[in-house]
Amino acid sequence: IFFRSLFVFYLRAPMLPSTPAPFGPGTPSGLVTAAEWTQFQAQLDAHNDQRDAMFKSHHKLQQLAGRALFCLHRGDLAQVAELHATFAQIARAAIDAAQGRVEIRSIIDGSMESFVSGAVFVHFLAHGRVPAKAAIPLPVTSTEYLSGVCGFVQELQRYAAARAIQRDVRSVLLCRDVVEAVNARMMQFDFRNSPLRRKYDGIKYTVKRLQDILYELSLTDFEEAKCLSADPRPPADADTMTDAEDFEALRKETEEYDATRDAIIKRSRDVTKAAKNAIYALHRSDHAKAEQLLAEAEKAAQELLPLVAADRTLRFGSFAGGLEEYAEARAFQYFLKTGGIMPLAEMPVLELPEYLGGLADLTGELGRYAVAKATVRDVEAVERCHAIMDALSGELLMLRLGGDLYKKTNSIGWNLKKAETLLYDLMLATGGRQGGRTEDAPMPSKGDEGEA
């Protein structure tokens, strides 16, 4: 009677699911400490707050620069001066807030280029020529100045059409002269495939359009246009319309920058190649070879540090990609030796984004390593890999990440799911099942049902 009552009690009791629990043992040791993660979070929060403030300034600056160009085409020069003064005040505050960090300062590049276009336009209306970079009333970069001049050329196409409507042939001729002068200067540059190159390509179309306008005016009976056919004037000399020394200095600066960038890209490939080969060696337990390759990668990175320190714009791209690959290889080597995660302090060549990118990529190598260990039924090693990936996933979810780093962290979830599948397969294999997981059986076709 007692056992019957107990059986009835269990039948009547509600069935509830168990509380979730980790796949393997608890949180492993040797991870990045909570204090370090808190420090990372504070650093990233401060960086993102700077970015948010800079984007806010950029939107305001873009409005002011766009409004100034609008007023320029309407001839309201007093309003243009007021808008440019407000722009300069906000831009200086934003540049100071960037604290020399080019990745923050670059957010306002577009609005600074629009400002340069307007400032050059105002100078052209007052003096009939393009001002030197030093004459721009804000500390603009060479790229911003050159892009702004290209933007000014595009504005002249619209201005020239408006002056042609008013039969102002003299102004159209001045527009043609200054555009051809700018084109002659720009032709001396060896622009790479970049946004600046595409902006420069638009100058030749403006030259053609201004030539067409003058030709079409010469076919009319307007008194103002008779000079075009009676005594056609050749374009003015480029030296009278532009500052030759300024453009030559800009050309040399651009060439030096491109040469340095090419050298960094080439040497960064050595960092990436050595780090990738080190990971390959580590998966094959060739630790001596891996250490040699990692030493080569670190040496190459150290050689480039002075160059990227002199111009931080050169750090991003190939060099940062090589450092992320190096961080991944070093972290994998550290995991194989200690079972933990290598602290950032032990990789002084790295900055935080590169370190976090390397940790995100590390989960892919841990997944490959876990598969190799699962083939020899090393459950403990697979559990360790899963625990590391699980811990990284949880901590990275608390950080404000963006851009490529955010995309990389999304891959951790896939690697984590693969590790969980491996643990499930190992449970089946160690429990006597030889076939591992059983896939869902396909639904029978109508022909199969008929045969049955």
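Predicted model: local features only at pLDDT ≥ 70, side-chain atom pairs only at ≥ 80, totals over all residues.
Residues are numbered from 1 along each chain as its sequence is written, and side-chain values use heavy atoms, with hydrogens and water left out. Local features need pLDDT of at least 70 and side-chain atom pairs count only at pLDDT 80 or more, while totals for chains, interfaces and linings use all residues.

Start by selecting L416 in helix α16 (residues 403-430); helices here are DSSP runs of H or I with at least four residues, numbered from the N terminus. L416 is buried at 10% relative accessible area (buried is under 20%, exposed over 50%, partly exposed in between, with a 1.4 Å probe and protein chains only). Beyond its neighbours within four places in sequence, L416 is in contact (heavy atoms within 4.5 Å) with H386, M389, D390 and S393.

Next, pick out E325 and K276, whose closest N and O atoms are 3.6 Å apart in a salt bridge (a side-chain nitrogen of Lys or Arg within 4 Å of a carboxyl oxygen of Asp or Glu). E325 lies in helix α13 (residues 318-338) and K276 in helix α11 (residues 244-283), so the pair ties together parts 49 residues apart in sequence. E325 is buried, at 12%, whereas K276 is partly exposed, at 45%.

Now go to E351 and R312, which meet in a salt bridge at 3.0 Å, N to O. E351 sits in the loop between α13 and α14, and R312 in the loop between α12 (287-310) and α13.

Key:
Helix = DSSP H or I, 4+ residues; strand = E, 2+ residues; numbered from the N terminus.
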